[in-house]
Amino acid sequence: MEAALEVTGVTKTFGSTRAVDELNLVVPRGATYGLIGPSGAGKTTAIRMIMSILFPDRGTLTVLGKKSALEAKDRIGYLPEERGVYRRMRVNAFLRYLAALKGVPTAEADARAHVLLEKLGLPDVAKKKCEDLSKGMLQRVQFVGAIINRPDLLILDEPFSGLDPVSVRVLRDLIAEEQKRGATILFSTHVMANAEELCQQIVMIHKGRKVLDDPMSGLRRQFDTRRILLDPLDPAADLGALRTIAGVEHIKANGEGCEITLAANTQPGEMIRAVASLVAPARIEFARVRLEDVFIRLVSGTAGTDESAQALRTHLQGLGAEGAVA
Amino acid sequence: MNSRIGLVAKREFVVTVTSKGFLIGLLIMPALALLFFALVPRILGGSTPQIRGDVEVIDGTGQLIGDLRAALAPAAITARAVANARGSGAPTPPRAPPELALLERPRDVSVEQEKNWLTAGTKEQPRIALIVIHPDAVERSGGNGDFGGYDLYVANGVNDATESVIYDSVRQALVTTRLRAKGLEVPAIESAMRVPRPNAIVVSAGRQTERHGFSRALPFICGLLLFLGVITGGQTLMTSTVEEKSNRVVEVLLAAVSPLDLMWGKLLGQLGVGLVVMGVYVGLGLLGLSQFRMLSQVDPQLVVFLFAFYLVTYLMFGSLMLSVGAAVNQIADAQSLMGPIMLLLLTPYILAPIIGQAPNSTFSVVVSFIPPVNTFAMMARLASDTPPPIWQALLTIVVGLAGAAVCVWFAARIFRISLLLHGKPPNLATLIRWARMS
């Protein structure tokens with residue numbers, strides 16, 4: 001099957017900074033790819049080159065079978081990281097204009113905008129001026145603008161940035177709907193939790209270079225955390241007793257419960273049973289692989305990496321509450 | 001034309017021409033012209049204070065008083081004002097007739113004492129001037145070749161207009177008295193001195209045109225129209241680009257159109273705005289001329305060239321202004337980059353008097369082929385009484401289009417590279433470097 005996007009050996013340099021370095025990427029049609037990495041990793045530059053907003057110094061791109069996104073712009077939806085509106089324009093006029101630029105007739109654009117705005121909880125904003133909307137409302141309107149042409153390829157650059165938890169959830173649902181419709185989705189984020197939830201394939205970029213390109217399911221197997229998360233039924237339960245279980249390497253208190261690190265060569269199923277027999281659990285499960293752990297493990301092994309793991313972790317967790325709480 | 005370019009152009013045009021700022025700006029020029037021609041003379045006339053008060057004269061000649069009294073008579077003052085206004089071409093402001101009382105003082109009176117008289121005036125009975133005529137003002141004393149003159153003392157607060165009336169009156173009285181003293185017939189001499197000045201009729205192959213005030217002003221008017229069209233479209237182009245950049249809406253647009261399409265759309269949209277401005281002003285101007293039966297003073301070919309030159313000039317300056325808008329993040333940052341562009345736009349006004357005096361001199365011809373001022377120079381030459389041959393005007397368009405192509409090329413490179421750049425505003429050298437590297 002023809003790929004929706006093929007990036008081969010793409011490099012972009014600004015002055016002495018190599019923003020993207022020999023990037024190779026193939027996104028099959030219908031797939032959802034997450035482009036992740038800390039701020040400044042080169043995600044936005046890569047996306048701008050895919051959109052033909054910037055042009056690579058080296059390398060080639062194929063977008064929806066065309067040699068440049070310029071030839072397929074009507075079939076692409078794009079939500080840039082730095083997104084804006086014409087503040088004095090009315091919402092319906094703004095969406096109509098964006099739709100017209102993508103070849104959608106006015107009547108059809110109005111109908112689609114009506115449905116999408118309603119889905120996003122903005123049924124009454126069509127005739128309002130953009131400057132009268134809150135930031136969260138504006139971001140939803142901008143998302144409508146990105147998908148109003150029912151794109152075959154949807155590129156979202158930090159789509160959840162600055163959104164409140166409710167808006168994040170609404171947006172995730174709409175992205176999932178686009179996924180079901182058959183759109184290929186590529187989105188960048190530095191908030192790993194969002195990528196974990198939505199993506200089938202993860203592409204990690206660090207200092208302009210691709211450091212990982214794997215399916216999410218493979219990552220879970222490959223980067224098995226060997227950690228059990230336990231919330232005891234009785235908050236006063238003696239968690240120290242768990243140290244007596246053979247194969248328990250480390251126990252770390254975590255809120256009302258704890259995180260138990262297992263030694264290599266232990267059988268996870270047996271360990272779960274052993275833990276549950278000593279401390280009655282309210283919740284017990286294996287910790288899922290976290291992309292931030294994978295990322296840190298990958299870049300820590302890279303020569304010349306100077307960030308501390310903790311600084312990276314803070315960054316990748318979304319600089320606090322941004323988008324990660326939903 | 002690419003449909004996306006058309007859509008961007010349409011939006012740019014509609015948003016601009018329906019804005020309140022544009023409508024006010026468009027109407028303000030005709031409104032100001034109306035005010036100037038219709039209301040200002042009345043206001044000026046209404047606000048000019050009446051010339052009124054006592055004037056003392058010490059006549060050292062003993063011969064002048066009669067003629068001075070005649071020269072200071074209200075009818076004589078008004079007649080001189082009308083004659084002067086006709087000579088300068090300015091409208092005569094209506095004014096209340098002057099009321100000047102001439103008081104003669106003996107020749108042996110102390111001038112110092114009379115100066116005190118000048119300071120004792122009241123609001124109801126103002127004392128405005130003391131004129132001391134020298135004894136040799138009418139007949140030369142001894143072998144001296146020059147006539148004597150007079151001294152003028154005025155009260156504090158006497159305005160320039162009153163002072164001028166007194167100067168003119170004394171001058172007229174002295175000349176009349178001197179002529180009479182020589183036994184010359186004054187009315188005959190005055191009549192002999194009066195030669196009406198006709199409007200020159202310029203004769204060229206196939207037509208004759210009368211040169212008058214309007215035809216002299218026409219090159220300036222055409223240049224002004226060209227300037228207004230370019231500056232209106234260009235300035236809006238720059239501000240709308242800065243706004244799109246600072247609003248961060250530009251990357252949303254670039255998702256749907258290429259940078260080049262966006263640039264052309266904006267250029268063409270504002271080209272239309274400039275055309276509306278020019279169309280309105282030219283239309284109103286022609287309407288005004290038709291009211292005064294002066295429509296024949298304007299050659300229709302001139303109007304065609306005006307619009308053709310506008311297209312060329314706009315493409316040159318509009319694209320440069322667009323590149324400035326794309327390069328900066330806020331209007332304030334644009335000022336330093338706009339400086340050289342504004343200087344180029346104003347250069348024709350420095351050249352206009354030189355071209356106006358000799359429209360077909362070597363200098364005028366050479367300037368007509370040097371972009372970006374060539375269109376202004378050629379417009380001034382075409383509007384003059386001795387227009388150049390048509391091939392020169394067409395060559396100006398060709399050269400202008402070449403200049404426009406260079407400007408658009410430069411703007412396209414700046415536009416593409418700088419639209420998504422934020423931070424320190426670039427200087428001219430940086431812009432040139434960007435154009436070379438992109």
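Trainee: Into which domains is chain A divided?
Mentor: In this predicted model, chain A is divided into domain 1, residues 3-220, and domain 2, residues 226-286.

Trainee: What distance separates the centres of those two domains of chain A?
Mentor: Taken over C-alpha atoms, the centres of domain 1 of chain A and domain 2 of chain A are separated by 41 Å.

Trainee: And how many helices and strands does chain A have?
Mentor: Chain A has 10 helices and 13 strands. Its C-alpha trace spans about 70 × 45 × 35 Å along the principal axes. Of the 326 residues in chain A, 43% are buried. Among contacts in chain A with a separation of 6 or more, 70% are between residues 24 or more positions apart.

Trainee: Turning to chain B, which domains is it divided into?
Mentor: Chain B is divided into domain 1 (49-193) and domain 2 (211-437). The C-alpha centres of domain 1 of chain B and domain 2 of chain B are 54 Å apart.

Trainee: How many helices and strands are in chain B?
Mentor: Chain B contains 16 helices and 6 strands.

Trainee: Is chain B a compact globule or more spread out?
Mentor: Chain B is more spread out than a compact globule, because its radius of gyration is 31 Å, well over the 22 Å that the globule rule gives for 438 residues. The C-alpha atoms of chain B fill a box of roughly 95 × 55 × 45 Å along the principal axes.

Trainee: What percentage of chain B is buried?
Mentor: Buried residues account for 34% of the 438 residues in chain B. As for contacts in chain B between residues at least 6 apart in sequence, 77% join residues at least 24 apart.

Trainee: What span should helix α1 of chain B have?
Mentor: Helix α1 of chain B covers residues 3-17, and at 1.5 Å a residue its 15 residues should span 21 Å. The end C-alpha atoms are 21 Å apart, which agrees.

Trainee: Which residues are buried in that helix, α1(B)?
Mentor: The buried residues in α1(B) include Ile5(B), Val8(B), Ala9(B) and Phe13(B). Arg4(B), Arg11(B), Glu12(B) and Thr16(B) are buried in α1(B) as well.

Trainee: Where does Phe220(B) lie?
Mentor: Phe220(B) lies in helix α8 of chain B, residues 213-246. Phe220(B) counts as partly exposed because it has 15 C-beta neighbours inside 10 Å, between the limits of 12 or fewer for exposed and 20 or more for buried. The C-alpha atoms of Phe220(B) and Ile341(B) are separated by 20 Å, and these residues are 121 apart along the chain.

Trainee: On to the cores: which residues touch the most other members in the largest nonpolar core?
Mentor: That core has 152 residues, and Ile50(A), Val144(A), Ile148(A), Ile155(A) and Met379(B) touch the most other members. Helix α11 of chain B, residues 300-327, contributes the largest share of this core, 15 residues. Apart from this core lies another, of 24 residues, among them Leu72(B), Leu100(B), Val165(B) and Ala173(B).

Trainee: Which residues is Ile155(A) in contact with?
Mentor: Leaving aside neighbours within four places in sequence, Ile155(A) is in contact with Ile47(A), Ile50(A), Met51(A), Ile76(A), Tyr78(A) and Leu186(A).

Trainee: Finally, how many residues does the contact take from chain A and from chain B?
Mentor: The contact takes 18 residues from chain A and 14 residues from chain B. On the side of chain A that touches chain B, helix α2 of chain A (residues 91-101) provides the largest share, 4 residues. By class, that side of chain A has 11 nonpolar, 2 polar and 5 charged residues.

Terms used: Residues are numbered from 1 along each chain as its sequence is written. Chains are lettered from A and ligands numbered from 1 in the order in which they are written. This is a predicted model: local features need pLDDT of at least 70, side-chain atom pairs count only at pLDDT 80 or more; totals for chains, interfaces and linings use all residues. A nonpolar core is a set of buried Ala, Val, Leu, Ile, Met, Phe, Trp, Tyr and Cys residues joined through C-beta atoms within 7 Å. Helices (H or I, at least four residues) and strands (E, at least two) are DSSP runs, numbered from the N terminus. Two residues are in contact if their C-beta atoms, placed from the backbone, lie within 7 Å. Ala, Val, Leu, Ile, Met, Phe, Trp, Tyr, Cys and Pro count as nonpolar, Asp, Glu, Lys and Arg as charged, and the others, Gly among them, as polar. Domain bounds come from an automatic or database domain assignment. The radius of gyration is taken over C-alpha atoms; the globule rule is 2.2 Å times the number of residues to the power 0.38. The expected span of a helix is 1.5 Å times one less than its number of residues.
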